Amino acid sequence: ENCSVTWRGHFGVANKSQNRRVDSTTLFQFGSMSKPITAWAVMTLRRDGKIDLDSPVNKYLKSWQLKSDQFDAAEVTVRRVLHHAAGLSVPSVSGVEAGTTIPSLVDELSGAGPSKTPVTISEKPGTKFVYSGGGYSLLQLLVEDVAGTSFASYVSKQIFKPLRMTTATFRPDQKTLLRAATPYDKDGVPLPFRVFSADGAAGLYATVDDYAKFVIAHCSVNNKVLDAQTLASMFR
């Protein structure tokens with residue numbers, strides 16, 4: 001309320017076998033709530049004059065190119081990918097069990113990763129809303145290729161540090177996972193933690209309080225990352 005947290009509460013058990021309850025230090029795997037952070041990362045590149053939102057994503061991709069025999073890949077612009085209007089495939093990306101080898105992002109985009117499906121153009125770009133985790137995987141690669149660094153490092157420097165999101169990470173280590181809430185299935189059976197090559201679509205780990213800092217930054221003109229005009233354009 002009024003660009004601040006006015007109430008918080010902690011509910012539930014972070015780990016049943018340890019009888020460890022959720023508290024302010026508990027991290028969660030945020031899944032697709034990672035995507036708005038990826039959108040911010042893309043907009044910092046636009047802020048710095050490194051990309052144009054209405055240019056094709058392929059213009060900025062060095063490691064991998066989006067191809068299609070049926071549609072014009074040049075119509076897949078950065079802006080359309082950001083708001084799921086680029087007609088891209090792969091609604092949801094799959095991670096791998098923590099502690100196992102994480103495939104490369106290029107493998108994921110090519111269909112050689114855990115999702116087993118390549119990112120392609122499945123609908124004519126610009127004609128309809130098609131939710132695509134694959135599209136946000138593509139934006140992650142764009143950030144890496146333009147910035148010349150890993151997505152996790154770029155986001156940490158450009159977003160997490162300025163917003164003081166001290167627990168947020170796209171590359172959780174064992175210490176991070178020990179502080180995270182154990183995932184359970186509908187029958188209460190524990191599931192393994194998952195990590196992602198497609199971090200930009202689903203890979204965030206953070207506390208709720210840290211994610212709240214990111215939410216607050218959307219209404220604060222003093223967020224030290226994106227200005228009010230940029231945020232207004234994103235809401236439109």
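A: Gladly, and please keep in mind that this is a predicted model. Cys219 is partly exposed, with a relative accessible area of 48%.

Q: And how exposed is Cys3?
A: Cys3 is partly exposed too, with a relative accessible area of 28%, which lies between the 20% cut-off for buried and the 50% cut-off for exposed.

Q: Which residue is Cys3 joined to, then?
A: Cys3 is joined to Cys219 by a disulfide, with an S to S distance of 2.3 Å, and a search of the whole structure finds 1 disulfide.

Q: What parts of the chain does the pair tie together?
A: Cys3 sits in the segment before β1 (13–15), while Cys219 belongs to the loop between α8 (208–217) and α9 (228–235), so the link connects parts that are 216 residues apart in sequence.

Q: Is that link left-handed or right-handed?
A: The link of Cys3 and Cys219 is right-handed, with 115° about the S-S bond.

Q: Switching to helices, how do α1 and α8 pack?
A: Helix α1, which covers residues 35–47, packs with α8 at an angle of about 50°, and their axes are 11 Å apart. That angle makes α1 oblique to α8, and the crossing of the two helices is left-handed.

Q: Which residues meet there?
A: From α1 there are Pro36, Ile37 and Trp40, and these meet Tyr211, Phe214 and Ala217 in α8.

Q: What classes of residue make up that contact?
A: The contact of α1 with α8 has 6 nonpolar residues, with no polar and no charged ones.

How values were computed:
Residues are numbered from 1 along each chain as its sequence is written. This is a predicted model: local features need pLDDT of at least 70, side-chain atom pairs count only at pLDDT 80 or more; totals for chains, interfaces and linings use all residues. Side-chain values use heavy atoms; hydrogens and water are left out. A disulfide is a pair of cysteine sulfur atoms within 2.5 Å. Helices (H or I, at least four residues) and strands (E, at least two) are DSSP runs, numbered from the N terminus. Buried means under 20% relative accessible area, exposed over 50%, partly exposed in between (1.4 Å probe, protein chains only). Axes are lines fitted to C-alpha atoms, for helices over the stretch in contact, and angles run from 0 to 180 degrees between N-to-C directions. Angles under 35 degrees count as roughly parallel, over 145 as roughly antiparallel, 65 to 115 as roughly perpendicular and the rest as oblique. A crossing is left-handed if the near helix is turned anticlockwise from the far one by less than a right angle, and right-handed if clockwise. Contact means heavy atoms within 4.5 Å. Ala, Val, Leu, Ile, Met, Phe, Trp, Tyr, Cys and Pro count as nonpolar, Asp, Glu, Lys and Arg as charged, and the others, Gly among them, as polar.
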